[in-house]
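Please read this briefing alongside the sequence and the 3D view.

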Amino acid sequence: MGAWVERMAAIPGIAFSGSPGVVRKTLRSAKDRPDERYGEPMWPTPSGSTSATPASRHVPVEARGAELAARVWEALELPGSAMDYHFVLQTAVDRLWSDRRSDPDGLQLVEVFARLDLELMEAAPQAVSFDLDVSGGDAAFVRVSSVPRLISLLEREGAFHEALELARRLARFKQGEETVSRLSEKAHALTSETQG
């Protein structure tokens, strides 16, 4: 896969088929293509060009609530890299989480965006990884906050089996192993209790 794709749904191996309610052709930057003549892609802007992709520039810092959700869905339909889409989703989860008291309906989107972020990570691990670690030859992964937030939410709700399944998937990215252990114990205890 190249450094950028036309939209997140174009990433090979991802089940995501597109953003609900977004008409891609109506998005101003959907058809933008970078100038790649000098090595690094440079994207057109009204004032010249930038190395930032349309997806990475689409969600304003001040966006909250319904505007945030709409802008995230649109960003996933714009050209960007796997890492751009990861940061769009993770930042949205973080904002929605911090606004949960004033906007509890946003918790539904925390779940949707965190699951989508995990799906993205599984299809394109480069979304959350750096080059190979020279010491051991393993990939070095960035710390992810979106999926652990969802795991924590599910655990608080008592959905231990569901939280455990997500924690196991996240452990592939070298994070959350201790969460897998803790949730395994809780899920086992819950299963024993319901069968006893």
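A contact here means heavy atoms within 4.5 Å. On that basis, residues 24 or more positions apart account for 61% of the contacts in the protein with a separation of 6 or more. This is a predicted model, in which local features need pLDDT of at least 70 and side-chain atom pairs count only at pLDDT 80 or more, while totals for chains, interfaces and linings use all residues. Residues are numbered from 1 along each chain as its sequence is written, and side-chain values use heavy atoms, with hydrogens and water left out.

**Overall layout**

- The protein has 7 helices and 4 strands; helices (H or I, at least four residues) and strands (E, at least two) are DSSP runs, numbered from the N terminus.
- Along the sequence these elements follow the pattern β-β-α-α-α-α-β-β-α-α-α.
- Taken along the principal axes, the C-alpha atoms fill a box of roughly 65 × 45 × 25 Å.
- Of the 196 residues, 42% count as buried, where buried means under 20% relative accessible area, exposed over 50%, and partly exposed in between (1.4 Å probe, protein chains only).

**Helix α3**

- Helix α3 covers residues 82-98, which is 17 residues.
- From its first C-alpha to its last, α3 reaches 24 Å, close to the 24 Å expected at 1.5 Å a residue; the expected span is 1.5 Å times one less than the number of residues.
- α3 is mostly covered, with 12 of its 17 residues buried.
- The buried residues of α3 are A82, D84, Y85, H86, V88, L89, Q90, A92, V93, R95, L96 and W97.
- These buried residues pack against α1 (54-57), α2, α4 (106-123) and α5 (146-156).

**L89, a residue of α3**

- L89 is found in helix α3, and it counts as buried because its relative accessibility is 0%.
- Not counting residues up to four places away in sequence, L89 touches M8, V72, L76, F113, L116, D117 and L120.
- L89 and A69 are 20 residues apart along the chain, and their C-alpha atoms are separated by 9.9 Å.

**Aromatic pairs and a charge over a ring**

- A pair of aromatic rings is described by the distance of the centres and the angle of the planes.
- Rings of Phe, Tyr and Trp (its six-membered ring) pair if their centres lie within 6.5 Å; planes under 30 degrees apart count as stacked, over 60 as edge-to-face and the rest as tilted.
- By this rule there are 4 aromatic pairs.
- In one of them, the ring centres of W4 and W43 are 5.1 Å apart and the planes stand at 80°, so this pair is edge-to-face.
- W4 lies in the segment before β1 (43-45) and W43 in strand β1, so the pair ties together parts that are 39 residues apart in sequence.
- Both W4 and W43 are buried.
- For F16 and W73, the ring centres are 6.4 Å apart and the planes are at 15°, so the pair is stacked.
- F16 belongs to the segment before β1 and W73 to helix α2 (residues 65-75), so this pair ties together parts that are 57 residues apart in sequence.
- F16 and W73 are both buried.
- Ring pairs link F16, W73 and F113 into a cluster.
- The charged end of R100 sits over the ring of W97, 4.2 Å from its centre; this requires NZ of Lys or CZ of Arg within 6 Å of the ring centre and within 35 degrees of the ring normal.

**Packing of α4 and α6**

- α4 packs with helix α6 (residues 160-171) at an angle of about 35°, and their axes are 11 Å apart.
- Axes are lines fitted to C-alpha atoms, for helices over the stretch in contact, and angles run from 0 to 180 degrees between N-to-C directions.
- On the α4 side, E111, R115, L118, E119, M121 and E122 meet E162, L166, R169 and L170 in α6.

- A163 is found in helix α6 and counts as buried because its relative accessibility is 0%.
- Leaving out residues up to four places away in sequence, A163 touches I151, L154, E155 and L183.
- A163 and S152 are 11 residues apart in sequence and 7.6 Å apart in space, C-alpha to C-alpha.
- T179 lies in helix α7 (residues 177-195), and at 14% relative accessibility T179 counts as buried.
- Leaving aside its neighbours within four places in sequence, T179 is in contact with I151 and A167.
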